[in-house]
Amino acid sequence: MRNYFVLFIFGLLITFSSCRTDFDTVASSGNLKFSRDTVYLDTVFKNIGSGTYQLKVYNTSKDDISIPTIQLKNGLNSKYRMTVDGMSGNNGKIFKDVTLLSKDSLYIFIETTADITDANPTDFLYTDQIQFDSGANLQEVALVTLIQDAVFLYPKQNPDGTKEKIIIEGKSVDGFYLNENDAVNGNELLFTNQKPYVIYGFAGVPENKTVTFQAGTRVFFHANSGLYVDNKASLQINGAVSTTNKLENEVVFEGDRLESLYDNIPGQWNSVIFAKGSKNHSINHLTLKNAITGLNIKSPDNSTTIEIKNTQIYNCAEYGILAQNAYINGENIVINYAGLASLSCVYGGNYLFTHCTFNNNWQGSSQFAVNLSNSLAGATPPTNPLIQATFNNCIIYGSGTNEFNLNKNTNAAFVYQLNNCLLKFNGSSTNPDYQFKTDTEHYNQIILNENPKFYNVNQNKLNINTTSPAFAKGNQAYMIPLDIIGASRTSPPDLGAYQSAAFPK
């Protein structure tokens, strides 16, 4: 008897589910509603697939309807593709007799892969429409995508199917060396502002060569990619002051996901790595975003000093700048949001930072704006002298309790000094290394634990106005005449990388 009951219930379920696939529907009357009338797919590079974008379609009527066609206006020739409620239709282009129940909705997901030749030559936009029904009942939703032409740099594929490799710190990684006489791209050691560059894998600068980035250059790095400056090689970034928010003269390094969702996501690409023994580096007006570590400087040739000026580094998963026994002269540097430290100078070195803003608003318990150390785990020898770490007219702040960390090993020199700096440190005052008010050998004119009142930390806008405690608190002896955006400093100067100005309304 029990078996008969189970079979009866099973039969009802089959009957019910069978009925659900055979709705009594009426034809669509052209009264569909949409979550948007235009779907803007963010900028994509030529022949590189976009992200997936969503359109929601609503049936607000009391009837279950059948939509005779949902299709792309350009049909099978369209560079867009769709899925409609999980169905792929005819190559993602044409769908027939789509049922939509009363007071219900369906999802359409849209993607594209297009070449620059598919776009309008005057504005580089590629467009199409999703058409619902036809004739008097026709409804359309526009699709718009900006296509960018670009220079693509990537490892070559070997005959056995493997990718070209280079060695970084003893490890073999997907990568290639830039060639000044490449048959396709010409001089790959000269990056210009004519087209953006997209890099896959690590682009290496060969020994005894210099890579140069002209003002206005844009470089987009794919996941796990980066720039590697080899032993005896050099990096020259020659950005300039921009006059608009487009940063038209800035050199920009960022990830290759152009959708707005990815604007501030850390860790999208690896790093700019300076090998041990690299030399003669100069960085001016660089904006670097969303890396694992922004500038990873590994014991370069200490016969020369790295110049880093007017540089912004944001949203790095580990470090903004990680310097290992390096010699750095930094002016007008701004760093914000780093998973471990905005600036970390380890294993000694020689550092001078003037009018810099080191902030860290990463949400966590063990992050710092600035970390200094004269040791390195696993290194031989384990310590190196910190010859100098001097901070003049700087801001060292963030969301943590203590944003300034000293990791001193007594087996090597550890020389540091902060002059006219705003500093956040709410920890115990018993440690002799952190006597900010009485230790004049290391600390002079320190403003302690006062909020600098940045314009908008979450948007990486670390400008200040005249209400900031950093206003006019600098020492003119250390003053750099122009700030990071080319504004003239007044005397006495403000602390940090920005000259104070009224915030935009």
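**Figure 1. Tyr80 and its stacked partner Tyr126 in the predicted model.** Tyr80 has a relative accessible area of 0% and is therefore buried. Tyr126 is likewise classed as buried, at a relative accessible area of 7%. The two ring centres lie 5.2 Å apart and the ring planes meet at 25 degrees, so the pair is stacked; the cut-off for that class is an angle under 30 degrees. Tyr80 belongs to strand E6 (residues 80-84) and Tyr126 to strand E9 (residues 125-132), so the pair ties together parts that are 46 residues apart in sequence.

**Figure 2. The edge-to-face pair of Phe45 and Phe152.** Across the whole structure, the search finds 21 aromatic pairs. In the one shown here, Phe45 and Phe152 stand 6.3 Å apart, centre to centre, with 85 degrees between the planes. Phe45 has a relative accessibility of 3% and counts as buried. Phe152, at 18% relative accessibility, also counts as buried, because the class covers values under 20%.

**Figure 3. A cluster of aromatic rings.** Which residues do ring pairs link into a cluster? The members are Phe191, Tyr197, Phe213, Phe221, Phe253 and Trp269.

**Figure 4. A lysine charge over a tyrosine ring.** The residues in this view are Lys424 and Tyr397. The charged end of Lys424 is placed over the ring of Tyr397, at 5.1 Å from the ring centre.

**Figure 5. The surroundings of Ser234.** Ser234 is part of strand E20 (residues 234-238). With a relative accessible area of 4%, Ser234 is buried. When neighbours within four places in sequence are left aside, the residues in contact with Ser234 are Val205, Lys209, Thr210, Val211, Val229, Lys279, Asn280 and His281.

**Figure 6. Cis peptide bonds at Pro381 and Pro492.** Most residues other than glycine have a negative phi, and most peptide bonds are trans. The bond that joins Thr380 and Pro381 is cis, with omega at about -5 degrees. Pro381 is situated in the loop between strand E30 (368-373) and strand E31 (386-392). A cis peptide bond also runs from Ser491 to Pro492, where omega is near 0 degrees. Pro492 is placed in the segment after strand E35 (443-448).

**Figure 7. Positive phi at Asp85 and Asn393.** Asp85 is not a glycine, yet its phi is positive, at about 50 degrees. This residue, Asp85, falls in the loop between E6 and strand E7 (94-100). Asp85 has a relative accessibility of 44% and counts as partly exposed. Asn393, also a residue other than glycine, has a positive phi near 55 degrees. Asn393 is in the loop between E31 and strand E32 (395-398). Is Asn393 buried or exposed? At 0% relative accessibility, Asn393 counts as buried.

Notes:
Residues numbered from 1 in each chain as written. Predicted model: local features only at pLDDT ≥ 70, side-chain atom pairs only at ≥ 80, totals over all residues. Heavy atoms only, no water. Phe/Tyr/Trp six-rings, centres within 6.5 Å; stacked < 30°, edge-to-face > 60°. Buried < 20%, exposed > 50% of the residue type's maximum accessible area, 1.4 Å probe, protein only. Helix = DSSP H or I, 4+ residues; strand = E, 2+ residues; numbered from the N terminus. Lys NZ or Arg CZ within 6 Å of the ring centre and 35° of its normal. Contact = heavy atoms within 4.5 Å.
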